[in-house]
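The sequence and the structure are shown first.

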Amino acid sequence: MQLKANFLRFKISVVCAHKPLPKSQQSMIFRRFSGRFLTAIPDSCKLKFEAKRSFRSDAALEAIANALEEKVPNLVLYNYPSFSGAFSALFAHLYHYRLRLPCLILPFSSLIPFRVEDLCLEGFERCYLLDFVVPKDFACQKTACEIVCFDHRNSALKRIGLIKEEHKKRLKIYVDTETSSSKAVYKYFSSKLTDQRSSEVEALSLLSVEDKTRVESVLDYIEDIDLRRWMLPDIKAFSFGLKDWRSRINCIINPYMYEQLLKISSADLIAYGNSYFSSRLIDAKKLLKLNKAFKIRLGRGLYGECLMVTIN
């Protein structure tokens, strides 16, 4: 299949974005996956582009095509819109950036996932699946590409059990129901980076001293939510404050995602959440003072009582 030059000029349109991106941000996306199209690609890695592909957007498919053309060895797919997935992607990005290793990172949505033929795994040496286990059709694919996946959900154990033993040989699966995926990935890439040091090279660190404490605190809170413990102080306020970030954890439409994730502070999110809760409590007390709240009996009391508020 010939890839015509006009594919380079298509407009980025992703369903989850409410407004089209400014031209300046569009150009930054193309610079992140810089490269050029050749006249043709191997038959085994042909990509079929469509006008609209919902989450499997043209931007994501073109990034894959560019990576195949440039022989990028590492592919990273992270669970979207999961915060564990987004922070895992951050650690994968930092690891490859520190070692100057080519890497393509893309969000993976289970609602409208990539197809095996979209990814052309035989064109990559290694594929990381962050915060989700390998789909069955990926595991059955006959390719030399090594697949490394991380998950913390109990359902992941059941899915792994459905994979045939002959297909598990090239899989490295890390599932720990007591540790969130983001923490597991953080430890994994930190350890790999430490192993790279030698007598001639200064020891590398995944996070700077300035960022380390702040990021690890955020990971603790995310783990508390992921594992449904809800035990850390002000965890509900943190969870509320984190919600506003969900629209920013798609690295295709937000080229600044990694820089923004590094700056997230659990203290700031908790303060924002508590401020919102306090304002709602003040509003509720005002209504009560105006005698606009009253109780009604449901089914003459058979189904209990309900608090009602008039707003007129």
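Helices are DSSP runs of H or I with at least four residues, and they are numbered from the N terminus. The model discussed here is predicted.

**Salt bridges**

In total, the structure holds 12 salt bridges. Side chains of opposite charge can pair when their charged atoms come close. Three of these pairs are listed below.

| Pair | Closest N and O atoms |
|---|---|
| Arg214 and Asp211 | 2.5 Å |
| Asp220 and Lys183 | 2.6 Å |
| Glu305 and Lys295 | 3.6 Å |

The pair of Glu305 and Lys295, with its closest N and O atoms 3.6 Å apart, is a salt bridge. Glu305 belongs to strand β7 and Lys295 to strand β6, so this pair ties together parts that are 10 residues apart in sequence. Both Glu305 and Lys295 are exposed.

Arg214 and Asp211 are both located in helix α8, three residues apart, which is about one turn of the helix. Asp211 has a relative accessibility of 10% and counts as buried, because buried means under 20% relative accessible area.

The salt bridge between Asp220 and Lys183 has its closest N and O atoms 2.6 Å apart. This pair links distant parts of the chain: Asp220 lies in helix α8 and Lys183 in helix α7 (residues 181–195), 37 residues apart. How accessible are the two partners? Asp220 is partly exposed at 32% relative accessibility, while Lys183 counts as buried at 17%. Both residues also take part in a network of salt bridges that links Glu178, Lys183, Asp220, Glu223 and Arg229.

**The parallel sheet**

Strands of a sheet pair through backbone hydrogen bonds, either parallel or antiparallel. In this model, five strands form an open sheet with parallel pairing, in the order β2-β1-β3-β4-β5. At its edges are β2 (103–108) and β5 (171–175), each of which pairs on one side only. From one strand to the next, the twist averages 15 degrees.

The pairings can be followed across the sheet. β1 and β3 pair in the parallel sense over five bridges, and Leu75 has Cys127 as its bridge partner in β3. β3 in turn pairs with β4 in the parallel sense, over five bridges; here the bridge partner of Arg126 in β4 is Glu146. Strand β4 (residues 146–151) and β5 likewise pair in the parallel sense over five bridges, with Leu171 in β5 as the bridge partner of Ile147.

Helix α2 has 12 residues and reaches 16 Å from its first C-alpha to its last, close to the 16 Å expected at 1.5 Å a residue. How many residues of α2 are buried? The count is 12 of the 12, so the helix is largely enclosed by the rest of the structure. Among the buried residues of α2 are Asp58, Leu61, Glu62, Ile64, Asn66, Leu68 and Glu69.

Lys71, which follows α2, has a positive phi near 60 degrees, although Lys71 is not a glycine. Lys71 is part of the loop between α2 (58–69) and β1. With a relative accessibility of 68%, Lys71 counts as exposed, because exposed means over 50%.

**Further backbone features**

A second residue with positive phi is Trp230, at about 55 degrees, and Trp230 is not a glycine. Trp230 is placed in the loop between α8 (209–226) and α9 (235–243). With a relative accessible area of 39%, Trp230 is partly exposed.

The peptide bond that joins Tyr80 and Pro81 is cis, with omega about 5 degrees. Pro81 is found in the loop between β1 (74–79) and α3 (83–98).

**A nonpolar surface patch**

Which residues form a nonpolar patch on the surface? The patch is made of Phe294, Ile296, Leu298, Leu302, Tyr303 and Met308, which together have about 580 Å² of accessible area. Leu302 lies in the loop between β6 (293–297) and β7 (305–309), and Leu302 is exposed, with a relative accessible area of 64%.

How values were computed. Residues are numbered from 1 along each chain as its sequence is written. This is a predicted model: local features need pLDDT of at least 70, side-chain atom pairs count only at pLDDT 80 or more; totals for chains, interfaces and linings use all residues. Side-chain values use heavy atoms; hydrogens and water are left out. Helices (H or I, at least four residues) and strands (E, at least two) are DSSP runs, numbered from the N terminus. Buried means under 20% relative accessible area, exposed over 50%, partly exposed in between (1.4 Å probe, protein chains only). The expected span of a helix is 1.5 Å times one less than its number of residues. Patches are made of residues with over 30% relative accessible area and no salt bridge: like charges are joined within 9 Å, nonpolar side chains (Val, Leu, Ile, Met, Phe, Trp, Tyr) within 5 Å. Accessible areas come from the Shrake-Rupley method with a 1.4 Å probe; for residues, only the protein chains shown count as cover. A salt bridge is a side-chain nitrogen of Lys or Arg within 4 Å of a carboxyl oxygen of Asp or Glu. Two strands pair if DSSP finds at least two bridges between them. Axes are lines fitted to C-alpha atoms, for helices over the stretch in contact, and angles run from 0 to 180 degrees between N-to-C directions.
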